[in-house]
Every structure is written in structure tokens, then in C-alpha cells.
Amino acid sequence: MTLALVDEAMRRGATLEAACERLGLVPRTVQRWRRPATAQDRRCGPRTSPGNRLTQAERQRILALANREEFRDMSPKQLVPALADRGEYLASESSFYRVLREAKQLAHRGRARAPVAR
């Protein structure tokens with residue numbers, strides 16, 4: 001419907017910009033709508049993984065550490081400083097959260113019941 005209105009305005013002599021301005025559109029939007037469905041997506045995303053990405057062995061080490069008897073009741077927010085007090089650094093707090101979330105182990109980790117919203 002909108003493309004038909006733009007085409008009609010352009011047939012009558014209006015420019016694409018003028019027709020889009022009257023309809024409250026950006027000309028780039030109309031160009032994107034007209035692109036054929038067979039056109040390729042030419043956006044360039046990252047082609048290489050970051051150099052500081054955790055290896056699979058490091059991820060396994062994080063999981064093993066988080067599931068140890070002494071740390072299994074601690075959240076990553078408590079676990080990372082506890083390791084820092086010992087002089088150990090394995091990964092950042094956000095990396096611990098990410099790895100535990102991916103392994104579906106980011107549930108309530110304490111002995112007390114999880115809080116319930118009422």
C-alpha cells in the first residue's frame with residue numbers, strides 16, 4: 001500500500017525524498033522494502049572469535065570449581081572475591097555468571113530456600 005503511494009507520487013513527478021517526507025518515511029526504508037527477496041545480507045559481522053575468549057578447558061575448570069563442596073553454595077559474586085583472597089584468578093565475575101548460565105547451573109546456590117515474590 002505504502003509503496004504504491006510512493007510509486008504513484010514518483011510517476012507524477014515527485015522525487016523519492018519528497019514522497020517519503022509526505023508519508024513520514026525515510027527514503028532508505030523504501031529502498032530496503034524494494035530490495036528483492038533473493039538479495040544477500042551484506043552486513044559484515046565479526047569473522048573471528050575474540051582473542052580473550054574462554055577455552056573449553058577453562059570453562060570446564062570454572063564449572064568444576066563452582067561445583068566444589070566449599071563453593072557450591074556461593075554465587076559468583078561471592079566466589080570470585082573468595083578466590084581472590086586465596087590469590088587465585090580464573091575468570092571475571094561476569095564470565096562465571098555466563099558459564100554457569102550456559103550450563104544451566106545458575107539457580108539459587110545457597111542452602112536457604114530461594115526468595116519468593118508475593
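The protein splits into domain 1 (1–38) and domain 2 (56–103), with bounds that come from an automatic or database domain assignment. Their centres, taken over C-alpha atoms, are 54 Å apart. Keep in mind that this is a predicted model, where local features need pLDDT of at least 70, side-chain atom pairs count only at pLDDT 80 or more, and totals for chains, interfaces and linings use all residues. Residues are numbered from 1 along each chain as its sequence is written, and side-chain values use heavy atoms, with hydrogens and water left out.

Now for the inside. In soluble globular proteins, nonpolar side chains tend to be buried together. A nonpolar core here is a set of buried Ala, Val, Leu, Ile, Met, Phe, Trp, Tyr and Cys residues joined through side-chain atoms within 4.5 Å; buried is under 20% relative accessible area, exposed is over 50%, and partly exposed is in between (1.4 Å probe, protein chains only). The largest such core has 14 residues, and Ile62, Leu65, Leu79, Leu83 and Phe96 have the most contacts inside it. Helices H4 (56–66), H5 (76–86) and H6 (93–102) each supply at least two of its residues, helices being DSSP runs of H or I, at least four residues long, numbered from the N terminus. H4 gives the most to this core, four residues.

Take a look at Leu83: leaving aside residues up to four places away in sequence, Leu83 touches Leu65, Phe71, Glu88 and Phe96, where contact means heavy atoms within 4.5 Å.

Finally, find Lys104 in the segment after H6. Its phi is near 55 degrees, a positive value in a residue other than glycine. Lys104 counts as exposed because its relative accessibility is 75%.
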